[in-house]
Amino acid sequence: MLTSRTPIVAGNWKMHLAWREAIDLVRAMRGPLNQCKKVEVILIPPFPALVTVAELVQPTAIRIGAQNCHWESKGAFTGEVSPSMLVGTCRYVLVGHSERRSLFGESDEVVRKKLAAILQHGLVPLLCVGENLAQREEGRTSEVVATQVAVALDGLSLSPERLVIAYEPVWAIGTGRACAPAAANSVCGLVIRGVLAELFGEQTAAAVRILYGGSVTAANARSYFEQADIDGALVGGASLQADSFIAITRAAQAVAG
Ligand code: PEP
């Protein structure tokens with residue numbers, strides 16, 4: 001049985017950092033991050049800095065992700081980037097981030113098409129799911145998250161190392177209001193692994209890495225890494241400062257033993 005769930009700490013820089021700023025940040029943190037050998041570190045820069053950041057981490061174990069992609073391989077889609085264009089630079093691609101869903105109208109169906117395209121090109125989707133505040137207050141968290149996972153993965157066959165899921169309650173992203181670790185753990189374990197077990201069987205469900213995201217900081221990161229069903233963190237704001245991102249990664253390293 002596959003039991004290896006190497007923790008992941010992923011930094012989503014969103015639409016922050018100009019090219020020169022991205023270079024400075026990578027130079028400041030790549031050494032200490034690379035010392036955390038028990039953690040898979042992923043940097044997810046904006047597109048203009050993607051290749052440069054990838055080159056700067058080339059001698060390290062740090063991996064690169066893209067923030068978005070289209071589902072087609074090429075064509076008349078001005079402003080879009082296809083998965084095939086990311087091959088060779090990235091291993092991971094974010095898909096279904098709540099900002100893409102809420103600000104750019106990406107439906108579960110669009111997420112499903114993108115995810116399938118990412119897999120088809122040999123890249124690894126980092127699928128984001130999570131309920132908004134109204135859905136949480138209506139007691140619909142499990143239903144919303146289960147549906148997002150099930151629709152995104154509909155019709156796919158996959159091995160666990162080809163997928164990472166991030167549970168990111170929308171109300172916790174960028175708000176400083178993080179989800180209680182035990183509550184996040186139960187969504188990751190009971191809901192997300194539950195759906196994965198129904199779709200792909202228990203063994204795959206147990207082996208897929210599931211991250212928590214939403215106001216993770218150097219101060220609270222460890223409490224998530226200590227949860228049985230949480231395999232790391234997707235970090236936004238705190239990934240923009242070398243000190244905090246290094247501290248979060250070291251917390252993951254410490255828990256990994
Ligand atoms: C995110 O961008 O996915 C995120 C979780 O942001 P933050 O850590 O700032 O809440």
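The protein chain exposes about 11,000 Å², of which carbon and sulfur atoms supply 52%; accessible areas come from the Shrake-Rupley method with a 1.4 Å probe, and for residues only the protein chains shown count as cover. The model is predicted, so that local features need pLDDT of at least 70 and side-chain atom pairs count only at pLDDT 80 or more, while totals for chains, interfaces and linings use all residues. Residues are numbered from 1 along each chain as its sequence is written, and side-chain values use heavy atoms, with hydrogens and water left out.

The protein chain contains eleven helices and eight strands (DSSP runs numbered from the N terminus, with helices being H or I of at least four residues and strands E of at least two). Its C-alpha trace spans about 45 × 45 × 40 Å along the principal axes. Of the 257 residues, 53% are buried (under 20% relative accessible area, with a 1.4 Å probe and protein chains only).

Val129 lies in strand E5, which covers residues 124-129. This residue is buried, with a relative accessible area of 2%. Not counting residues up to four places away in sequence, Val129 touches Arg101, Val145, Gln148, Val149, Ile165, Ala166, Tyr167, Glu168 and Ile192 (contact means heavy atoms within 4.5 Å). The C-alpha atoms of Val129 and Arg63, 66 residues apart along the chain, are separated by 22 Å.

Definitions and conventions: Buried means under 20% relative accessible area, exposed over 50%, partly exposed in between (1.4 Å probe, protein chains only).
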